[in-house]
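Keep the sequence and the 3D view open while reading.

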Amino acid sequence: SGTQGSAYIETTVNQPTSGTGDPVLLSTFDGGSGVPMGLTSSKVSVYDVGGWRVGSGASVTLPATTIQKLAVSWNATTAYGFSNGGAASELTGYDGNLNLSANIGIGAHLGATGQPFGTIRGVRVWGVARSTAYLQAKTA
């Protein structure tokens, strides 16, 4: 749902975040505006109605030459990003709703923008906000 959930992805993102748009890993495709997982300035991020929400940690090196384990979790008040080694970061400015629709696309926005140009595997999406400890262990 737009007000709570979690997602996990393993990826080798080959697209740098300068000049070509930030990579989108999971996106709403039919009427919602939310992006449950993307990378903004090499940091795990989400997009809510007000814009991209990024924390100070949970970053990755781009382009990635090895599998990056990434996760996000959100509820009605907070959102977190997780990256390799279990690094967690609260995503500042999150408004409490990702405004998701029923369908989630993997690897790009509608119209094929924001492609990560790399492998995506091990995708997991949950309709509940998984615990920080669980997602830290998953990305470790």
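## A pair of strands

In β8, serine 83 has alanine 87 as its bridge partner. Strand β7 (residues 79–83) is joined to β8 by four bridges, and the two run antiparallel. Strands (E, at least two residues) and helices (H or I, at least four) are DSSP runs, numbered from the N terminus. Two strands pair if DSSP finds at least two bridges between them.

This is a predicted model, in which local features need pLDDT of at least 70 and side-chain atom pairs count only at pLDDT 80 or more, while totals for chains, interfaces and linings use all residues. Residues are numbered from 1 along each chain as its sequence is written, and side-chain values use heavy atoms, leaving out hydrogens and water.

## The sheet

Five strands form an open sheet in the order β8-β7-β6-β1-β10, with antiparallel pairing. β8 (87–90) and β10 (120–126) are at the edges with a single partner strand each, so one side of each has no neighbour in the sheet. On average, neighbouring strands of this sheet are turned by 10° against each other, direction ignored.

## The helix

Helix α1 (residues 132–139) lies across β1 (5–11), β6 (68–74), β7, β8 and β10, and runs at about 165° to β6. Axes are lines fitted to C-alpha atoms, for helices over the stretch in contact (heavy atoms within 4.5 Å). Angles run from 0 to 180 degrees between N-to-C directions.

## Alanine 129

The loop between β10 and α1 contains alanine 129. Its C-alpha atom is 5.1 Å from that of serine 6, although the two residues are 123 residues apart along the chain. Apart from neighbours within four places in sequence, alanine 129 contacts Gln4, Gly5, Ser6, Ser73, Trp74 and Asn75.
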